[in-house]
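Biologist: Let's go through this model together. I'll ask, you answer.

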Amino acid sequence: MLPLKLRILLFTAIFLSTIGAPFADDSKIPKQEFGLEEGLLPEDISTFPELKTWAIYQSYELEPDGPYLGLQDSICRMVPESGLRFLLEKRSDTKSTVYLYLDLTMYKPLRGSKFKPRKLQIFVNGKPKRAILTERTKGFQNPVEIPLEPSEYPDGKIYVDLVPSQNSVGRFWGIWDAFVVENRLDEKD
C-alpha cells in the first residue's frame, strides 16, 4: 500500500492529467468522475492496480474501468456499506428519454473462490430504478443502463443512490464512472 502523501500526489497527477484530455463533443454530457475529492478516507478511492491486487487475494478477476466516452482513468469511488450518493445535472429542457450509465466494479470468481451473492440497489431521485445482482454463475453487463424520463428530473438534478445489500460487508462495490446521455450507447462504444 502506498503512503498517504504519495497516494494523494499520484491521484492529483492523474486528475490533473485528465483535465486537458480532449473529448469528442462531450462537453454537454453530465458526468461524474471519481477522482480525488477532499475529505475522503483513503479507502474511499481505489485504483485499478489496488483493486486488482485485492481481487487476486480473494481469487477473483477484476474487470477494468470501461473506456466509455473517454472517461477511463482507472480510479474508482468505493461504495461504503452505508451507501453512496452523488449528483449529476442535466438540462431539464430535454423532451425525450435520457440514459444514465454507471460503470461499476465487476468481479468474476476464479476456480475455488468463495463468492457469495451480492446485490446493489440503484435509486434515482429517491425512486428505486434497478437492482444489480452478482453471483458465482451470474453477473451483470457494464455499463449499467437506466432510462430516465424528463418528468423524473424536472429541475435537471439527478441524485443517484447506490445501496449495497446488508450482507455486503466492506467495500465490495465501486463505481468507475457515471454519465447521462441523450442517445443510448452502441455496443461498440
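Biologist: Among contacts between residues at least 6 apart in sequence, what percentage join residues at least 24 apart?

Modeller: This is a predicted model, and the figure refers to the protein chain. The contacts counted are those between residues at least 6 apart in sequence. Of these, the share that joins residues at least 24 apart is 81%.

Biologist: In what order do the elements run from the N terminus?

Modeller: The protein chain has 2 helices and 12 strands. From the N terminus on, the order is α-β-β-α-β-β-β-β-β-β-β-β-β-β.

Biologist: Which residues have the most contacts inside the largest nonpolar core?

Modeller: Of the 189 residues in the chain, 42% count as buried. The largest nonpolar core has 36 residues. Those with the most contacts inside it are Phe-86, Leu-100, Leu-102, Leu-104 and Leu-162.

Biologist: Take Leu-100. What is it in contact with, leaving aside neighbours within four places in sequence?

Modeller: Neighbours within four places are set aside here. The contacts of Leu-100 are then Leu-88, Val-124, Val-144, Glu-145, Ile-146, Leu-148, Val-160, Phe-179 and Val-180.

Biologist: Which residues does the second, separate core include?

Modeller: This core has 7 residues. Among them are Tyr-68, Leu-71, Tyr-99 and Leu-185.

Biologist: Is Tyr-68 buried or exposed?

Modeller: Tyr-68 sits in the loop between β3 (60-62) and β4 (75-78). Its relative accessibility is 15%. Buried means under 20%. Tyr-68 therefore counts as buried.

Biologist: Which residues form the covered face of strand β5?

Modeller: In a regular strand the side chains alternate between the two faces of the sheet. In β5 (residues 84-89), Arg-85, Leu-87 and Glu-89 make up the uncovered face. The covered face is Leu-84, Phe-86 and Leu-88.

Biologist: And what is the bridge partner of Leu-87 in β11?

Modeller: β5 and β11 (residues 157-164) pair in the antiparallel sense over 6 bridges. In β11, the partner of Leu-87 is Tyr-159.

Methods: Residues numbered from 1 in each chain as written. Predicted model: local features only at pLDDT ≥ 70, side-chain atom pairs only at ≥ 80, totals over all residues. Heavy atoms only, no water. Core = buried A, V, L, I, M, F, W, Y, C linked by side-chain atoms within 4.5 Å. Buried < 20%, exposed > 50% of the residue type's maximum accessible area, 1.4 Å probe, protein only. Contact = heavy atoms within 4.5 Å. Helix = DSSP H or I, 4+ residues; strand = E, 2+ residues; numbered from the N terminus. Pairing = 2+ DSSP bridges.
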